[in-house]
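Student: Before we look at any particular feature, could you show me how to read a sheet and a pair of packed helices?

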Amino acid sequence: MSGNNNIRLLRRSSPMVGESILGYLSRTALANGIDKPSTLLELCRLDFSLPYRPANVSELTHLLGTHAGEVFCRCYWPSAAFNRYSFRGRPVKKWMINLRQPRICPQCLCECRIHLAIWDLAVVACCPTHGVKLIDHCPECGQDFDWAHTAIGHCIHCGYDCRHAITKSAPEPALALTSHIQQLANDSPVPSPPENYSFPALRELGLSPTIELIMFLGAHALGRGLGSGSWMSARLSASGMVRLVNAAAQVLGDWPKRFFLLLEAVRRSNTRLEDKTGIGYEFGAFYEVFSKYLADTTFTPVRQEMRFYIQHQWDGGFISQKNIRLNLAGEEHERFVTRASAARCLGVRPTTVSNLLQAHKLRGLTRQMGSRTLTLIERNSLQQHAAIHDDTTTFKEARHILGLSERGFRSMLVRKIVEPTSKKAEGAQYSWSFSRTGITALLDHLFEGIPNSKQANNAAVVTFDKTVRTFTSYGLTVGDVVQMILSKTLPLKFRDTSKAGLKQCLFAAGQVEEYVASHGLLNSDFLTLPEVALSLNLKEQVVYELAQRRHIPTQLKECRGRRFRAVHVEDVKRFKRTHVSGSELATSMNTSPRSAIKQLANQNIQPVTGPSVDGCRQYFFATKQVRHLFERP
């Protein structure tokens with residue numbers, strides 16, 4: 001606000017009760033000789049998106065001399081509470097607010113000299129207090145009102161004072177429905193609707209669904225059902241909106257008789273092919289929009305009347321399965337869903353739903369409808385089964401949750417650490433089902449009280465995968481390792497929360513070796529392949545490949561009923577004496593491994609194993625051939 005600190009308005013005033021934000025700015029601008037409210041916004045580095053878009057209004061409140069709260073409560077900013085725009089604390093959609101072409105009641109302006117916020121609602125086009133239509137253009141020159149060029153009650157184009165405009169009376173149904181809208185918007189005092197006008201379909205509806213229903217019914221009653229209310233509200237003038245609201249009021253005032261007459265009129269006006277039958281063909285866009293925009297449970301009373309009409313008065317053919325949107329199940333329609341809906345809810349095929357119904361795992365009924373049979377599933381039964389279904393996981397999903405390979409997960413099943421909830425076939429483990437909650441509980445039990453890995457030194461811990469490789473080299477399985485963790489014989493040190501399942505396990509360095517030594521898993525004269533890798537300072541994969549190519553001789557050993565390969569200590573020492581890696585030679589030659597190999601090739605010295613020799617990951621040379629490279633001159 002550094003650039004506008006010295007700007008002061010000669011006349012300041014506080015916003016009045018019920019005044020709109022742009023009306024307040026317009027009134028303040030006019031009092032200070034400024035022709036339009038946009039000038040005040042520009043002084044504060046704001047624009048006409050202020051009513052919709054949250055912004056820093058500190059400069060504006062400083063200029064106006066008012067509190068920020070007075071500005072906040074008059075804007076229509078989105079509310080985190082209901083994820084919609086807020087009109088006087090009521091959730092509404094953006095298209096329900098009209099700031100494109102403001103409307104005014106000349107008689108209200110004469111009395112209170114303010115622009116009321118209720119006039120910003122798109123469906124408010126008449127004044128219940130004075131019984132007249134609002135105007136949205138200058139009666140003198142015909143120019144449309146526009147907040148960017150119009151001061152409150154004055155036309156900038158011709159200077160006409162619109163407070164003296166001659167108004168037209170509004171129809172009584174439109175006035176009654178507008179009064180109901182203003183009551184929902186908590187705009188008081190407001191005249192109550194006449195006693196002969198009641199709107200039973202709107203009794204349980206809030207402001208936003210009421211406006212949606214009015215736009216939908218009014219548009220179709222006028223024969224202008226062109227889709228959602230946003231399209232209509234952006235194009236109708238004040239007089240056009242009065243006609244739409246009046247048409248909606250007539251439908252809602254004699255409910256549901258007038259609603260049924262509207263449905264008949266929609267059927268007659270539809271121009272679809274005559275040889276087609278069905279709701280989608282006879283009601284066209286009305287049915288599609290009705291199903292899409294009035295699908296919320298808020299509109300249940302309206303949907304109930306639509307169902308009643310389809311069941312008892314519609315003669316356009318039999319009900320097809322496409323009609324699942326209406327849930328045609330007689331008096332029990334709130335209790336049941338169709339088989340197709342149940343299948344989508346459970347993520348299975350419709351035939352599976354029928355099988356579940358026959359197996360009494362779902363409750364429901366079947367109803368004959370002409371040549372077709374309608375299968376209905378009880379909603380509560382479906383929800384109960386869905387809860388069980390959501391907790392059920394497959395063999396593949398269960399092992400992914402635990403972060404295990406197929407063999408590792410099977411070893412858990414052998415040790416009965418994890419047990420299936422159902423078995424379709426005793427030997428077909430792929431078809432078994434497991435409880436997601438049970439697997440999660442197992443992990444929670446494993447990591448109970450285990451600190452996070454952020455407290456650990458990376459060099460002082462060993463991962464789960466490395467630990468498993470060590471133990472499996474002695475003939476143990478993943479199930480054995482998990483059983484040792486559960487029994488605390490191999491306690492966890494830390495937990496790596498960046499990983500999933502059992503891969504979160506971290507052990508203290510040397511802990512595994514101590515366990516192996518204390519439990520005598522292998523004779524001291526033999527080493528497992530991971531231990532050979534540690535002894536030779538090589539990667540485990542390199543040692544496995546050297547063993548496969550018989551550069552390191554191995555012997556079959558047995559531990560706890562499992563056979564595995566081990567290497568005699570003397571064979572390890574012999575390999576150290578007779579072989580040298582390409583990286584060691586490169587270090588002694590003070591060059592890169594690639595350059596060292598090339599120089600040796602020039603001297604007719606070839607590696608005994610390596611990528612270009614037998615596919616081994618690393619090059620090794622016979623020590624006797626390269627001994628001269630290590631001898632000092």
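Tutor: Strands of a sheet pair through backbone hydrogen bonds, either parallel or antiparallel. Here three strands form an open sheet in the order β1-β2-β3, with antiparallel pairing; strands (E, at least two residues) and helices (H or I, at least four) are DSSP runs numbered from the N terminus, and two strands pair if DSSP finds at least two bridges between them. Because β1 (78-79) and β3 (90-92) are the edge strands, each with a single partner, one side of each has no neighbour in the sheet.

Tutor: This is a predicted model, in which local features need pLDDT of at least 70 and side-chain atom pairs count only at pLDDT 80 or more, while totals for chains, interfaces and linings use all residues. Residues are numbered from 1 along each chain as its sequence is written, and side-chain values use heavy atoms, with hydrogens and water left out.

Student: How many bridges join β2 to β3, and which residue is the bridge partner of S86?

Tutor: Strand β2 (residues 84-87) is joined to β3 by three bridges, and S86 has P91 as its partner in β3.

Student: How should I read two packed helices?

Tutor: Two packed helices are described by the angle between their axes and the distance between the axes. The axes of α22 (residues 529-536) and α24 (residues 569-578) come within 11 Å and cross at roughly 35°, where axes are lines fitted to C-alpha atoms over the stretch in contact and angles run from 0 to 180 degrees between N-to-C directions. In this contact (heavy atoms within 4.5 Å), V532, S535 and L536 of α22 meet V572, F575 and K576 of α24.
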